Amino acid sequence: MTRRFLFLLASSRSEGNTELLARRAAEQLPSDVEQEWLSLTEHPLPDFADLRHDSDHVRPTEGTTALLLDATLAATDIVIASPLYWYSVSAQAKRYLDHWSGWLRTPGLDFKARMAGRTLWGVTALAHEEQEVADPLIGTLSNSAAYMGMRFGGVLLGNGSKPGDVEKDAEALARAKTFFAQEAPLARFPYEADGDS
Ligand SMILES: Cc1cc2nc3c(=O)[nH]c(=O)nc-3n(C[C@H](O)[C@H](O)[C@H](O)COP(=O)(O)O)c2cc1C
């Protein structure tokens, strides 16, 4: 299967540090890897309504939800490019993940089986110098990948507050060069032993 990366931009502003860092990393992808870029701010998802135990979710056929579902199913690799907001993913990114819960319950979609084996990645800018404050965001993405039976490529972190700041984070720019070339092992919950990939 040809690799196809879906970049989901989840900042509340365009051309911020997260997007910049994601674009630096994406520049290194081989030319035969397809890329699709979608802004979750320009394509806002409706608030997720939890119908899991009342009635079946129906497959969306139009609008942003259908656009994002189709883009998700078409991708081998999903990159959540979310700034660190209150130590976790942005609301836009979180809402997108919440919709996965609906897609998991949509008859005929086979969402979990189809997502299993695909790869989830993260790219994040944060103002804090100490990167461990991003651990909750990393845990959110890693555990979500584990739940879905997906691979997890890790989170590319860069420092910055105002747009463009991340250009001064030489270590982040260096990590961006090889980020997507890394092995992405099968995600595991923290209580599981490391398995092989
Ligand atoms: C709502 C909001 C919450 C934020 N929370 C944090 C945070 O918890 N930790 C942190 O280090 N920076 C935080 N920041 C700073 C952003 O992560 C930082 O400005 C980052 O560069 C924004 O990424 P962007 O340029 O891609 O939009 C926050 C910014 C906003 C607007």
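I began with α1 and looked up what it packs on. The buried residues of α1 pack against β1, β3 (77-81), β4, β5 and α6 (170-178). I am working from a predicted model.

**Entry 1. Burial of α1**

Which residues of α1 are buried? I listed N17, T18, E19, L20, L21, A22, R24 and A25. That makes eight of the ten residues of α1, so the helix is largely enclosed by the rest of the structure. I also noted a general point about helices. Residues three or four places apart point the same way, because an α-helix has 3.6 residues a turn.

**Entry 2. Ligand shell**

Next I went to the ligand. How many residues surround the ligand? I found 19, and the closest are S11, G16, T18, P83 and H128. T18 was already on my list of buried residues in α1.

I then asked which element gives the largest share of the shell. It is α1, with three residues. Both α1 (17-26) and β4 (119-126) supply at least two shell residues each. So far, then, α1 has come up as a helix packed against β4, among other elements, and as a contributor to the shell around the ligand.

Ten of its residues are nonpolar, seven are polar and two are charged.

**Entry 3. The sheet**

I turned to the strands. In what order do the five strands of the sheet lie? I read β2-β1-β3-β4-β5, in an open sheet with parallel pairing. The edges are β2 (34-39) and β5 (151-159), each of which pairs on one side only. From one strand to the next, the twist averages 15°.

I checked one pair in detail. β1 (residues 4-9) pairs with β2 in the parallel sense, over six bridges. L9 has S39 in β2 as its bridge partner.

In general, most residues other than glycine have a negative phi. I noted two residues with a positive one.

E15 has a phi near 55°. I located E15 in the loop between β1 and α1. Is E15 buried or exposed? E15 has 12 other C-beta atoms within 10 Å. A residue with 12 or fewer is exposed, so E15 is exposed.

W86 has a phi near 50°. I located W86 in the loop between β3 and α3 (91-104). I counted 9 C-beta neighbours inside 10 Å for W86, so this residue is exposed too.

**Entry 4. The whole chain**

I finished with the overall layout. The chain has six helices and five strands. Along the sequence they follow β-α-β-α-β-α-α-β-α-β-α. The radius of gyration is 16 Å, close to the 16 Å that the globule rule gives for 197 residues, so the chain is as compact as a globular protein of that length.

I also took the box along the principal axes. The C-alpha atoms fill roughly 50 × 40 × 35 Å. Buried residues make up 36% of the 197 residues.

Last, I checked sequence separation. Of the contacts between residues at least 6 apart in sequence, 77% join residues at least 24 apart.

Conventions
Residues are numbered from 1 along each chain as its sequence is written. This is a predicted model: local features need pLDDT of at least 70, side-chain atom pairs count only at pLDDT 80 or more; totals for chains, interfaces and linings use all residues. Two strands pair if DSSP finds at least two bridges between them. Helices (H or I, at least four residues) and strands (E, at least two) are DSSP runs, numbered from the N terminus. Axes are lines fitted to C-alpha atoms, for helices over the stretch in contact, and angles run from 0 to 180 degrees between N-to-C directions. A residue is near a molecule or strand if its C-beta atom, placed from the backbone, lies within 6 Å of it. Ala, Val, Leu, Ile, Met, Phe, Trp, Tyr, Cys and Pro count as nonpolar, Asp, Glu, Lys and Arg as charged, and the others, Gly among them, as polar. A residue is buried if 20 or more other C-beta atoms lie within 10 Å of its own, exposed if 12 or fewer, and partly exposed in between; C-beta atoms are placed from the backbone. Two residues are in contact if their C-beta atoms, placed from the backbone, lie within 7 Å. The radius of gyration is taken over C-alpha atoms; the globule rule is 2.2 Å times the number of residues to the power 0.38.
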